Amino acid sequence: MTAIAEKNVTWVKPPRLNLAEQIYLPSVAQGMITTLKHLVKTVTGLNATSTQQYPEQQPVLPPHYRGVHRLNRDEQGRVKCVSCYMCSTACPAHCIDIVAAPSPWPDREKYPETFVIDELRCIYCGMCEQACPVDAIELTTIFSLTGMSREDMMFDKEKLLSVFDQTVKLGTDPVRTRGGRLSVAAEPADAGLTGSSSAQS
Amino acid sequence: MATVLVNDIPVDIGDEKLNCIQAAERAGVTIPHYCWHPALSVVASCRMCLVMVGEKKPDGTVAMQPKVVPGCQTPVKDGTVIQTLDPKSTGAQQSTLESLLLNHPLDCPVCDKAGECLLQDYSFQFGKATSRMVDEKNTPPNKPNIGPNISLFTDRCIMCSRCVRFTREVAGTAELHVVQRGNHSEIDVFPGHPIDNKLASNVVDLCPVGALASNDFLYKQRVWNLKTVKSVCTGCSTGCSINLDTNKSVVYRLRPRFNPRAQGHFMCDEGRLGYHNVNSALRFTKPLERTNSGTQAIDWQQSVAKIDQSVRSAAQTDAGKIWFVLSPFLTTEEAWLLASYARSISPFCRIVSGPVPSHGVDDNYPKDRKGNPSTNPVKFTIRAEKCPNRRGIEAVVAHFQKSPATFADLLAACDRGEVAVAFVTSGYSTAFPAWGTETAERLGKAGFLIVHDMLPSALSDAAAIVIPAAAFSEKDGTYINHAGLAQTTEAGCVPQRGARTDGQIYLDLLGRRGLVRAIEIRKEIGKAVPALAALATGELGEHGVFVTARA
């Protein structure tokens, strides 16, 4: 180890405490005043924040909240996913499992035969959403998940599509992402973004 | 000595005849190219390799040619100067890529080639981010049945014509051709003549973009999820070097790996698609014992102990009635271990080579246009001998068995009832079996038949003990091809469902401790067997070594 030359070293001394600081009592009093302020506010009901009566009272979450996934449908009600594996590649928790197959529809080449997300393994980071080139996967504001077994929490394609129906048709979650389009392979040339906007309305 | 200057890096090319792409590669400089392939003729049609080329005069001045030239068809000589970083070169690369991408659908997310696509790589390295194309792109329909194993995604094609030249020059059958002109050019076949020659799937590897896809691999995996190991095809005695692509211990595809000593650049479809028994659900998973009360699974320790016990008790009466059959599907190391075990029991145990499955005659390519044999120089051979390691097994057998015995001798001895224990290793491909039910019946007459195989067969039905064998993708080892080229193969998968590799079972039988390490055994063989002395180095390198002087 090479020693640092003395000229390169700057010595810094801690500031000296004055008398008030040395006896600590003013700081203690200051803390007590803050506590009393909050006490008064709470007792008199002036405090803006309050406890929500969950679960009777459901929170209204911002639309960018990252909860349970859904698989979006296109305007014909088919799964929008083209099974490109971008989400499972981007996923840091390796919780997405896709089996691709040649698509039964003429306007695209590939579709997911199965699409399973392990909701217990997921860390809800939203990378899948960002990676998706056709806006097929999104995270919704549904945050409370229950299941009786680990298998219950493996959400398959049907389950994920039902989350879409639940959130979009009821209007709780709009289709947010409008990022990339995948040109001819994914969508009919004239479809544009109608799928997203019609679902939103 | 000829010296070429590539971006001011001097490269000594000796007296080789190289083009600019090859010379630049020696200097570690990539000249991007699509249509040029070392095994095919030069057409200079893709224009991707356009570079500035000039000459260094004896007086030291450099005279560059006024415009870019295609690097693939420009030979280099002493004093040639190649400038890939010249603004004219990079401008040409960018413009060419923009032109190639005019009609390309950019559907990378659903394209099987994504991740190993030269269009992606070169666009990233040499292209520009934007396109000035304002018109509609051409979207010609796909041709999913251009061949039984091949799909053509017509819109992704960049018309490099590698596939067309391959079918004309290497396969010879010339199924593929270019139809239409200019912007509307497409690859196609004649109606009723799909691309179905035995080398057809090589066009999938040759295709620099995702236009030609293998139906076998289509949509199975994304390529970046695959783990690749260097392996050897076990389909025939050519022993093509291959890349074995696996994911989570499942084999998804085999690709040829360039090996000038074995097969060159390509491989045949028989070998390429012949791996499916590896993933078969019918494979044995546990050792089976057949008793009077029926068949039952036993555990590994038990099976090894039972085999050892039966062999040893038979050796006490007459060791000459114990036969070991070494299948040509075993690696040389495995054969060595099993033969060593036989010798450790008694010097009188008989060791024979298993039958060599031979089907038809050596199939040489190129063919003529009608698929008949032609007189052109041979560029690829599919051997009639459908096993990878006949020579390795023969060398091991010859080392241990001084008095020659054959598989036919074993069958004759079975008929006479003179076989106490027969240990038969198999692993033969189901497409080219080495024996039928008749041979299996004759072997069944052995007092105690031990069968080491992957899949159920008439022979395993007759066996007293069946031990599951590992597939070629699950074991390390050495195969010696028809020409005496020893190549190592690497395990890409762990043996399925708790099976053990063949070498491990033989090591356990031998009573040697620890896990089997092919490289150590290879060194052992090299020291002990003069005919296989070339194996003594352990590592045989990417291209393998010849165990004998080349004929």
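# Briefing: the contact between chains A and B, and some backbone features

The contact between the two chains draws 15 residues from chain A and nine residues from chain B. This is a predicted model, and its scores are ipTM 0.82 and pTM 0.86.

**The chain A side of the contact**

- On the side of chain A that touches chain B, the elements giving two or more residues are helix H3 (86-90) and strand S2 (96-102) of chain A.
- Strand S2(A) gives the most to this side, and its share is three residues.
- Sorted by class, the side of chain A that touches chain B comprises eleven nonpolar residues, together with two polar and two charged residues.

**Confidence in chain B**

- The average pLDDT of chain B is 92, and 99% of the residues in that chain score at least 70.

**Cis peptide bonds**

- In chain A, the peptide bond that leads from Tyr54(A) to Pro55(A) is cis, with an omega near 5 degrees, and Pro55(A) has its place in the loop between helix H2 (25-44) and strand S1 (69-71) of chain A.
- In chain B, the peptide bond that leads from Tyr365(B) to Pro366(B) is cis, with omega near 5 degrees, and Pro366(B) lies in the loop between strand S19 (363-365) and strand S20 (380-382) of chain B.

**Positive phi in residues other than glycine**

- Asp8(B) has a phi near 70 degrees, which is a positive value in a residue other than glycine, and Asp8(B) sits in the loop that runs between strand S1 (2-6) and strand S2 (9-14) of chain B.
- Asp8(B) counts as exposed because it has 11 C-beta neighbours inside 10 Å, where the cut-off for an exposed residue is 12 or fewer.
- Lys248(B), although it is not a glycine, has a positive phi of about 50 degrees, and Lys248(B) is found in the loop between strand S13 (241-247) and strand S14 (250-256) of chain B.
- Lys248(B) is likewise classed as exposed, because 10 other C-beta atoms lie within 10 Å of its own.

Definitions and conventions
Residues are numbered from 1 along each chain as its sequence is written. Chains are lettered from A and ligands numbered from 1 in the order in which they are written. This is a predicted model: local features need pLDDT of at least 70, side-chain atom pairs count only at pLDDT 80 or more; totals for chains, interfaces and linings use all residues. Two residues are in contact if their C-beta atoms, placed from the backbone, lie within 7 Å. Helices (H or I, at least four residues) and strands (E, at least two) are DSSP runs, numbered from the N terminus. Ala, Val, Leu, Ile, Met, Phe, Trp, Tyr, Cys and Pro count as nonpolar, Asp, Glu, Lys and Arg as charged, and the others, Gly among them, as polar. pLDDT is the predictor's confidence in each residue, from 0 to 100. A residue is buried if 20 or more other C-beta atoms lie within 10 Å of its own, exposed if 12 or fewer, and partly exposed in between; C-beta atoms are placed from the backbone.
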